[in-house]
Amino acid sequence: MTALLLDGVTKDFGDKRAVDALSFSVRDGEVFGFLGGNGAGKTTSLRMVLDIIRPTSGRIEILGRRPGRENSADLGFLPEERGLYRTMTALETITYFGRLKGMTRNDARTGGKALLDRFGLGGSANTKIEKLSKGMAQKVQLATAIVNAPRLLILDEPFSGLDPVNQGLLEEEIMRLSRQGSTIVFSTHVMQHAERLCDRLLLLADGRKKFEGTQDEARATLPARLTLIARETPASLPGVASATRLDEHDGWTGWDVRLEPGGDPGDLLQACTERGFALRRFEQSRPSLHDVFIRIVGGEEGQQ
Amino acid sequence: MSNPIFLVAAREFRQIAATRGFWITLLIIPIALAIAPITAHFMQKDHTENVMLIDPSGQAAPAIAARIELDHQRQLLQSLSRYAESHDLDRADPRAVWAHHDHYYSDAEVQAFVAGGGVKHADAAMRRVAPPDTKPFEAPEPDYKIVPTPARLAASDPAALGRVLPAMVSHATKDPTAQPINYAIYIPADFASGRAPVQVWSDGPVAGDLMGVLQETLTRAMRLHFLEAQGVRPEMAEAAQRIAPMIAVNRPLPGKGHEQVMIRSILPLLVSYLLFMSLMLSGSWMLQGTVEERSNKLIEAVLACVSPGQFMYGKLIGTIAVGLTMVAVWVFAAIAAAFATQGMIADILRPALEPLTQPSVALAMIYYFLAGYVMISMIFLTIGAMSDSFRDAQAYLSPVMLIIAMPFAIIAQMVVRDPSSMGVRIMSWIPIYTPFTMLARLGAGVPLWEVIGSGLTLAAFIAIEVILLGRVFRASLLGAGSKPSLAHIGRLMRRGESE
């Protein structure tokens with residue numbers, strides 16, 4: 001089943017096009033990364049999914065329904081820019097958001113207490129937000145998003161502004177909810193988190209989709225890269241696009257080798273064997289998502 | 001599942017109710033009502049002023065004292081007459097002078113009243129026919145009291161008096177047993193000749209009525225002296241002094257006429273003022289809350305759960321609930337004070353609460369109050385949604401406050417002076433002033449067509465306002481950065497374009 005579907009969605013603000021004919025789908029139970037640089041259209045897309053703003057054209061389906069507040073019982077949302085009511089207590093805050101999402105007061109309080117206990121904030125349940133540290137407030141914010149055990153959790157740049165401890169906590173919660181069957185969509189421009197969490201991902205630039213698929217499919221879009229230590233230059237071997245000399249030791253030379261697009265490192269190894277091409281090392285370097293991002297989205301946007 | 005509008009409203013209410021400012025404002029009127037009778041009691045203490053007469057001839061002082069006493073008795077008679085009229089007690093003695101309310105009491109009538117037993121006798125007669133719960137008659141205190149003249153002063157010459165009396169009347173004397181003197185009056189023995197002046201020392205500006213008494217009494221003595229010198233027989237001269245016109249007085253019954261307009265307008269004017277006060281306070285609290293929601297970046301998380309419309313209505317309802325709670329507490333305190341207190345406060349509050357006994361007036365007041373609240377709160381709400389900080393909000397708020405607040409004082413004055421004047425009627429049809437003006441006018445009576453017409457106009461204005469400002473509110477919630485210009489606000493009203 002499809003948890004989220006966008007079909008040709010466009011959003012214009014005046015004469016500026018923020019999202020351009022965006023189409024993708026997220027399967028039930030998936031952890032889906034929504035990657036793009038600043039101003040790529042991630043937040044606008046997520047706001048349209050949540051019906052905070054309406055698309056100029058296109059169709060959105062969320063859990064098989066049209067976007068709207070009637071879905072809020074099944075949704076969790078953690079916005080990029082986060083804040084809480086300073087004068088409310090931690091538990092009141094979580095209960096309030098739980099009730100806004102259709103929970104009963106008792107269920108929201110019980111769920112809120114359980115989450116605060118799990119996050120190590122059981123003793124601060126009745127402390128006002130203004131008295132909590134920033135890290136504690138961040139945990140309360142996360143609790144407001146997941147108190148209703150959402151079927152679909154949408155996180156907009158969830159790791160931005162979090163300290164390393166809370167980043168770890170958030171990753172754990174994402175994995176826990178995923179194991180329990182929730183679908184998770186999160187936007188980020190920090191590739192390490194996407195690498196650790198995503199089943200599939202989408203790359204967005206200037207409001208347009210640049211890639212959608214698994215991490216392996218994303219990496220496959222980059223030419224394979226190898227480190228060889230050989231007696232001779234591998235430049236003349238079939239499928240090699242370039243070979244750069246790295247260092248030399250006892251008559252052996254290190255080479256940074258790039259294959260032609262679509263080239264298979266296995267084919268190169270086979271060619272070496274068949275030709276008696278002497279090798280002391282044959283190491284395939286796996287391209288990172290960061291490399292993929294830089295390649296697809298473009299230079300400056302990939303800077304963290 | 002609770003309606004999200006009411007969840008937002010309840011949160012808004014709780015947030016405002018948790019502030020110290022809310023409680024101070026809430027309690028200020030009950031506290032004021034509680035201390036008002038005490039203050040009034042203290043303020044009434046020093047009403048009577050002490051007058052010392054220094055009269056070497058011994059002829060003028062008794063006449064002046066008699067005149068002051070006669071004027072005080074006239075004041076008592078007038079109060080009794082008004083009391084009898086208010087409580088329908090004329091039947092106690094229809095022939096008594098206090099049962100005649102249609103003229104200014106002559107000296108002869110006052111003297112007859114005193115001779116007939118004065119207040120004591122009249123009050124006893126009224127008590128016999130008055131229902132048991134009738135408020136007792138409270139005699140006004142005399143304006144002036146003649147204090148004895150010390151022997152050392154009675155024999156002093158004007159020059160010596162001029163050295164001693166200024167200190168006495170300015171209470172600078174060191175003698176703690178000395179009675180405070182407000183006026184010291186020296187009447188020379190030969191004042192009738194016109195050669196020596198009558199001298200007055202006072203502790204402040206001289207009272208016109210006391211000078212009137214002095215002038216009239218002494219003039220009378222001088223005229224008598226003159227007439228006798230002209231050969232007029234003493235009894236004829238005396239009779240000539242008593243010639244006085246009969247003055248008929250036509251005035252409305254107590255609590256009617258202009259007095260009625262004044263008293264019956266007190267509650268509506270007060271409600272109008274309360275609307276204004278509570279609106280300004282709860283509106284600014286709500287505005288602070290909205291600015292906080294924007295600056296704390298928590299709007300987006302809320303908007304994922306409730307629509308901007310639900311959010312807006314929730315905030316409006318929460319603010320109205322705050323305002324109504326304040327006004328309910330204030331009105332309850334006023335009613336409690338009206339029944340718990342006596343004297344001036346109760347005299348004003350009880351008739352002032354009378355308009356509420358007419359369901360149509362009470363309904364109209366509730367309508368205009370609520371409509372006023374929605375109309376002005378909507379403006380505050382939109383300003384809050386457009387502002388990143390309270391300072392930003394001030395830029396919009398100041399002109400709006402000026403437009404709303406400036407005419408308020410004028411409306412109140414105009415309503416008291418003439419509730420059906422053209423200016424007041426025109427203001428009733430300008431929607432942003434309709435609630436204040438109509439609330440203020442209701443006590444004096446407003447034609448039904450005007451109530452319905454201005455009410456419908458106001459309703460239409462509010463509907464359009466909620467639609468247009470609602471668009472600005474929704475579009476501004478997630479916006480950030482520079483304040484929108486008036487042109488941009490205009491565009492948002494027309495198109496409701498988001499972000």
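# Close-up views of a predicted two-chain model

**View 1. Helix 9 of chain A lies across strands of chain A.** In this predicted model, helix 9 (residues 289–297) of chain A lies across strand 3, strand 8 and strand 9 of chain A, and it runs at about 35° to strand 8 of chain A. Helix 1 (residues 42–49) of chain A likewise lies across a set of strands, namely strand 3, strand 6 (152–156), strand 7 and strand 8 (200–205) of chain A, with an angle of about 150° to strand 6 of chain A. Chain A as a whole holds 9 helices and 13 strands, and of its 304 residues 41% are buried. Among the contacts in chain A with a separation of 6 or more, 69% are between residues 24 or more positions apart.

**View 2. Six strands of chain A form an open sheet with mixed pairing.** Read across the sheet, the strands of chain A follow the order 5-6-7-3-8-9. Strand 5 (75–78) and strand 9 (208–214) of chain A are the edge strands, each of which pairs on one side only. On average, and with direction ignored, neighbouring strands of this sheet are turned by 15° against each other. Strands of a sheet pair through backbone hydrogen bonds, in either a parallel or an antiparallel manner. Strand 3 (residues 31–36) and strand 7 (residues 183–188) of chain A pair in the parallel sense, over 5 bridges, and A:Leu35 stands opposite A:Thr188 of strand 7 of chain A.

**View 3. Helix 14 and helix 18 of chain B pack against each other through a contact with 19 nonpolar residues.** The axes of helix 14 (residues 359–386) and helix 18 (residues 448–477) of chain B come within 9 Å and cross at roughly 20°, which makes helix 14 of chain B roughly parallel to helix 18 of chain B. The crossing of helix 14 of chain B and helix 18 of chain B is left-handed. Residues that helix 14 of chain B brings to this contact include B:Ala364, B:Tyr367, B:Ala371 and B:Val374, while those from helix 18 of chain B include B:Val451, B:Gly455, B:Leu458 and B:Glu465. Besides the 19 nonpolar residues, the contact of helix 14 of chain B with helix 18 of chain B has 3 polar and 1 charged.

**View 4. Helix 3 and helix 5 of chain B pack at an angle of about 10°.** With their axes 10 Å apart, helix 3 (residues 60–86) and helix 5 (residues 118–129) of chain B are placed side by side at this angle of about 10°, and helix 3 of chain B is therefore roughly parallel to helix 5 of chain B. B:Gln73, B:Leu76, B:Leu80 and B:Ala84 in helix 3 of chain B meet B:Gly118, B:Val119, B:Ala122 and B:Met126 in helix 5 of chain B. The residues of this contact divide into 6 nonpolar, 2 polar and no charged.

**View 5. Helix 17 of chain B is largely enclosed by the rest of the structure.** This holds because 8 of the 8 residues of helix 17 (residues 434–441) of chain B are buried, among them B:Pro435, B:Phe436, B:Met438 and B:Arg441.

**View 6. Chain B and chain A meet in a contact that takes residues from each.** Chain B gives 19 residues and chain A gives 22 residues. On the side of chain B that touches chain A, the elements giving two or more residues are helix 1 (4–17) and helix 11 (299–303) of chain B, and helix 1 of chain B supplies the largest share, 4 residues. This side of chain B divides into 10 nonpolar, 5 polar and 4 charged residues.

Terms used:
Residues are numbered from 1 along each chain as its sequence is written. Chains are lettered from A and ligands numbered from 1 in the order in which they are written. This is a predicted model: local features need pLDDT of at least 70, side-chain atom pairs count only at pLDDT 80 or more; totals for chains, interfaces and linings use all residues. Axes are lines fitted to C-alpha atoms, for helices over the stretch in contact, and angles run from 0 to 180 degrees between N-to-C directions. Angles under 35 degrees count as roughly parallel, over 145 as roughly antiparallel, 65 to 115 as roughly perpendicular and the rest as oblique. A crossing is left-handed if the near helix is turned anticlockwise from the far one by less than a right angle, and right-handed if clockwise. Two residues are in contact if their C-beta atoms, placed from the backbone, lie within 7 Å. Ala, Val, Leu, Ile, Met, Phe, Trp, Tyr, Cys and Pro count as nonpolar, Asp, Glu, Lys and Arg as charged, and the others, Gly among them, as polar. Two strands pair if DSSP finds at least two bridges between them. A residue is buried if 20 or more other C-beta atoms lie within 10 Å of its own, exposed if 12 or fewer, and partly exposed in between; C-beta atoms are placed from the backbone.
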